Amino acid sequence: MLKVSEIAFSCYPVTDMARARKFYEGTLGLKPTMLHGNPGEMQWTEYDIASGTLTLGAGAPDWKPTPTGCSVGLEVEDFDAAIAHLKANGVKFKMEPFPTPVCRMAFIYDTEGNLVCIHKRKAGHH
């Protein structure tokens, strides 16, 4: 039996790495921690966030972006400011902000059509 100790990384497939990086770095403010490959071949970009890693991958055959696949929840410090920033930058929302008993969240599309969750835990929850 496997004993999984943590999530190593979450990865989104992308079709245009430059366009995707512009969104993740310019719009979401992430800083790349590893870049691999060149246009036209397998490419990989990693963003270390706390103890996890969000990855973008391009060039793998039959691996295409989809809003119904994996999604990553990005915890933000100021939920209202994050939502205002995304709207000011013309980001398309799948689900407008909504509350749950433990958090507030919204789902947006990246430039490739993948869903990304913008998330803020309520005090006392982790």
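This is a predicted model: local features need pLDDT of at least 70, side-chain atom pairs count only at pLDDT 80 or more; totals for chains, interfaces and linings use all residues.

Student: Where does glutamate 112 sit in the secondary structure, and is glutamate 112 buried or exposed?

Tutor: The residue belongs to the loop between strand E7 (103-109) and strand E8 (115-121). Glutamate 112 counts as buried because its relative accessible area is 11%, and the cut-off for buried is under 20%.

Student: Which side chains make polar contacts with the side chain of glutamate 112?

Tutor: One partner is threonine 15, whose side chain is joined to that of glutamate 112 by a polar contact of 2.7 Å; another is arginine 19, where the side-chain contact with glutamate 112 is 2.8 Å.

Student: How should I read glutamine 43, and is it buried or exposed?

Tutor: Glutamine 43 is found in strand E3, which covers residues 43-49, and with a relative accessibility of 16% it counts as buried. Its contacts, once neighbours within four places in sequence are left aside, are Met17, His36, Gly37, Asn38, Leu56, Gly57 and Ala58.

Student: How are nonpolar residues grouped into a core, and which have the most contacts inside the largest one?

Tutor: As a general idea, nonpolar side chains in soluble globular proteins tend to be buried together. In this model the largest nonpolar core has 25 residues, and those with the most contacts inside it are Tyr24, Leu28, Leu56, Ile108 and Ile118. H1, E4, E5, H2, E7 and E8 each supply at least two residues of this core. A second, separate core has six residues, among them Cys103, Met105, Phe107 and Cys117.

Student: What does leucine 28 touch, if residues up to four places away in sequence are not counted?

Tutor: Under that rule, leucine 28 touches Phe23, Leu74, Leu86 and Ile108.

Student: Turning to pockets, what is the volume of the largest pocket, and which lining residues are closest to its centre?

Tutor: The volume of the largest pocket is about 670 Å³. Its lining has 28 residues, of which Ile49, Val72, Gly73, Leu74 and Glu75 are the closest to the centre. By type, the lining divides into 15 nonpolar, ten polar and three charged residues.

Student: Which elements supply that lining, and where does the largest share come from?

Tutor: At least two lining residues are supplied by each of E3, strand E4 (52-58), strand E5 (72-75), helix H2 (79-88) and E8, and the largest share, four residues, comes from E5.

Student: Which residue has a positive phi although it is not a glycine?

Tutor: One of them is alanine 50, with a phi of about 50°, placed in the loop between E3 and E4. Alanine 50 is exposed, because its relative accessible area is 84% and the cut-off for exposed is over 50%. Aspartate 62 likewise is not a glycine and has a positive phi, of about 60°; aspartate 62 is found in the loop between E4 and E5 and is exposed, with a relative accessible area of 77%.

Technical notes:
Residues are numbered from 1 along each chain as its sequence is written. Side-chain values use heavy atoms; hydrogens and water are left out. Buried means under 20% relative accessible area, exposed over 50%, partly exposed in between (1.4 Å probe, protein chains only). A polar contact is a pair of N or O atoms within 3.5 Å; within protein, one must be able to donate a hydrogen and the other to accept it, and residues adjacent in sequence count only if both atoms are side-chain atoms. Contact means heavy atoms within 4.5 Å. On a 1 Å grid over the protein atoms alone, a cavity is a set of points where a 1.4 Å probe fits but cannot get out, and a pocket is an open set with protein on both sides within 12 Å along at least five of seven lines; lining residues have an atom within 4 Å of a point. Grid points are joined across faces, edges and corners, and a volume is the space filled by probe spheres set on the points. Ala, Val, Leu, Ile, Met, Phe, Trp, Tyr, Cys and Pro count as nonpolar, Asp, Glu, Lys and Arg as charged, and the others, Gly among them, as polar. A nonpolar core is a set of buried Ala, Val, Leu, Ile, Met, Phe, Trp, Tyr and Cys residues joined through side-chain atoms within 4.5 Å.
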